[in-house]
Amino acid sequence: MRVAGERLDVEGLCVLPVHPVTHAAQPRQVAQALLVRVAAGHARDAATSAAADPVAVLALVRREGDIDLHETCTGPSLLLSVGSPSVRRVITVRGLSKRYGVVHAVDDLTFDVEPGAVTGFLGPNGAGKSTTMRMVMGLDRPTAGSATVDGARYVDLPAPLHRVGALLDAGAMHPGRTGRAHLRVAALSNGISRARVDEVIDQVGLEAAASRRIKGYSLGMRQRLGIAAALLGDPAVLLFDEPVNGLDLDGVRWIRSLLRGFADEGRTVLVSSHLMSEVQLIADRVVIIGRGRLIADARTDEVLHGLGGARVRVRSPRAAELEEALTSRGPVERTAPDELEVTGVAATEIGDLAHALGVPLHHLAEVEHSLEQAYLSLTEDSVDHHGRVPVPANGAER
Amino acid sequence: MSATMAMPGPATRTPTRTPTRTVLVRTAAAEWSRMWSVRSSWTFTLVTALVVVGFGAIIGAQTNPSSVDAGSTAWDGARLTSMLALFGILTLSVLTTTADHVTGGIVPTLQWTPRRPVLLAARACVVVATTTVLGVVLVAGAGLAVWLFLPQLGLPVGDGGRTLAEMGFVFASGSVLAVGLGLLTRSTAGGLVSVIGLVLVLPFLMAQLPYDWAVTTAAHLPGSGALFLIFGEGPSDDMTEASSRITLVVWAVAALIAGGGRLLRADANR
């Protein structure tokens, strides 16, 4: 726990084990998790209450109207996230729902997006990411709930294009218009100068193609043009829906540094992507949804940590000997005759133990969790469309 | 657990809401640019101009001067070209209105102009004003072409003013109808079929049916109103200039309310 001046700004998510049948979490675990997540003004009270009665912490948080507590039970664990009122919220989504007939595209979704960070917006196909972003931008009307920027609907912002820039659908452009004319229309509608149009064209690297018709653009070029339009008003809030689609490696690196740069400038960046490795590289936080419902809303490292403690891979010609010694310290898995994966024991501790035992080590390294693992683990019950892996004619698995 | 530091934001602007009038002017400028920054608008306008003025020239060139009624002017010939101009105007209005929905351009458009009533007003005003002026100019050009080939007819200014004003009314109401139906259908094909059907096809077809109700219905279709104002004839003897104007206005306003309502309330889908 770190304290910034007088304030303790903490927020996030924890993954708690629950009873396999009742799905109930242990009150003390809940309280301890909340204690390190409860917002500034309530931290001291929470600490005092927790010392006397752990359950009181939960009661305290529930009592405070300006603290949002979200609990989502996902099979073997309880995801608990607490939004802190002392953290500035730029994009605020509250109980947002969108129904198409009997289909709940977005179902009672609540989360916040903060400035100065890249927030990854993840979910399987059809999870409701694009619909949510469209509702934030006022393109779709919510069935229930609200989505606001700076506390106001997008349409009610004083200067929407100067406050929020969004790339929602790179293909949504008239193919017969030139790239420059597309941006010029946007600029005219918001009183933006021609010079600014040329500026953003330079910024996205479309100088050579700006006078060509969009129908001759590759998908990557359309993405760049869409990003240029989003940047036109020099907005403090950016929403990008799958921005790296169609981009080549240079383009991907460019968008990565662009988004990182915006966040470092203090801007608010919400980016959806199905490329987990990309999100892991750039996102400070992730909001994960499945079937329109919130699954996780937390810092990226917290989600990764939610997969379990640190894992260490050890390779030794005397692996069995080491396994026996390590079993008492943490779960050990034999992944190969000469290889172990140990959970919850530091690499240094394993090295020291091996040294003490005189066991030679050929490999000792921490295994990094990937967001892809976390994502798959969290959304495995939320995927609408499963592909089938083809099985060879003889039925043998490869 | 990490502490979140207050981050300095980018340079922020004074959050003053732009006056609606300013937004309307800017949006109208954007709509104008949107309309004329695609080649199809220019091509269609050029083709329509060639056909309308060319038809006027043909009328002037092919008419036998001895067979012309006394009191006829070149503007009577120009009226004959008005149906062609009307066809062009309706098509251009539908094309311009539906392009955003067909291409998906409505997504960025509503990000740039999220105040939908302003967008509706700007779009309708720009399309209707542009196509109406275009139609009037083309009919004037057709009148001039008739007169150039048949100068005996004369080109009186007063008669021209009346003719062009009447045609302007027909073109404006037709364009409003087309904009409304374009916004309602969100499809170029659907918009064209419905507007051409209501204005150019159904009135003629229904008037041919041997049923009173069909003839009465035909008389209340917008195409019959346009036909009466252009040629002074309609499917029913009960039609007057006033009833024709009312018919056109009612259809145009109803279509704009229906189409505009969809733009204002519905999701911004293709």
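Here is a quick briefing on the fold of chain A and on one aspartate in it.

This is a predicted model, in which local features need pLDDT of at least 70, side-chain atom pairs count only at pLDDT 80 or more, and totals for chains, interfaces and linings use all residues. Residues are numbered from 1 along each chain as its sequence is written, while chains are lettered from A and ligands numbered from 1 in the order in which they are written. Chain A has 14 helices and 16 strands; these are DSSP runs, H or I of at least four residues for helices and E of at least two for strands, numbered from the N terminus.

**Chain A overall**
- Of its 398 residues, 47% come out as buried, meaning that 20 or more other C-beta atoms lie within 10 Å of a residue's own, with exposed set at 12 or fewer, partly exposed in between, and C-beta atoms placed from the backbone.
- Take the contacts in chain A between residues at least 6 apart in sequence: 68% of them join residues at least 24 apart. A contact here puts two C-beta atoms, placed from the backbone, within 7 Å.

**The six-stranded sheet**
- Six strands of chain A make an open, mixed sheet, ordered S8-S9-S10-S6-S11-S12; two strands pair if DSSP finds at least two bridges between them.
- At the edges sit S8 (164-167) and S12 (293-299) of chain A, each pairing on one side only.
- From one strand to the next, the twist averages 15°; axes are lines fitted to C-alpha atoms, for helices over the stretch in contact, and angles run from 0 to 180 degrees between N-to-C directions.
- S6 (117-122) and S10 (268-272) of chain A run parallel, joined by five bridges, and Val118(A) has Val269(A) as its bridge partner in S10(A).

**Helices across that sheet**
- Helix H4 (129-136) of chain A lies across S6, S9 (237-241), S10 and S11 (285-290), at about 150° to S9(A).
- Helix H8 (219-231) of chain A lies across S8 and S9, at about 170° to S8(A).

**Strand S13 and its partners**
- S13 (311-315) pairs antiparallel with S15 (339-343) in chain A over five bridges; Val312(A) is partnered by Val342(A) there.
- S13(A) also runs antiparallel to S16 (363-367) of chain A, again with five bridges, and Arg313(A) stands opposite Ala365(A).

**Asp169(A)**
- You'll find Asp169(A) in the loop between S8 and helix H6 (179-189) of chain A.
- Asp169(A) counts as buried because 20 other C-beta atoms lie within 10 Å.
- Leaving out residues up to four places away in sequence, Asp169(A) touches Asp241(A), Gly104(B) and Val107(B).
- Glu242(A) is 73 residues from Asp169(A) in sequence, with their C-alpha atoms 8.5 Å apart.
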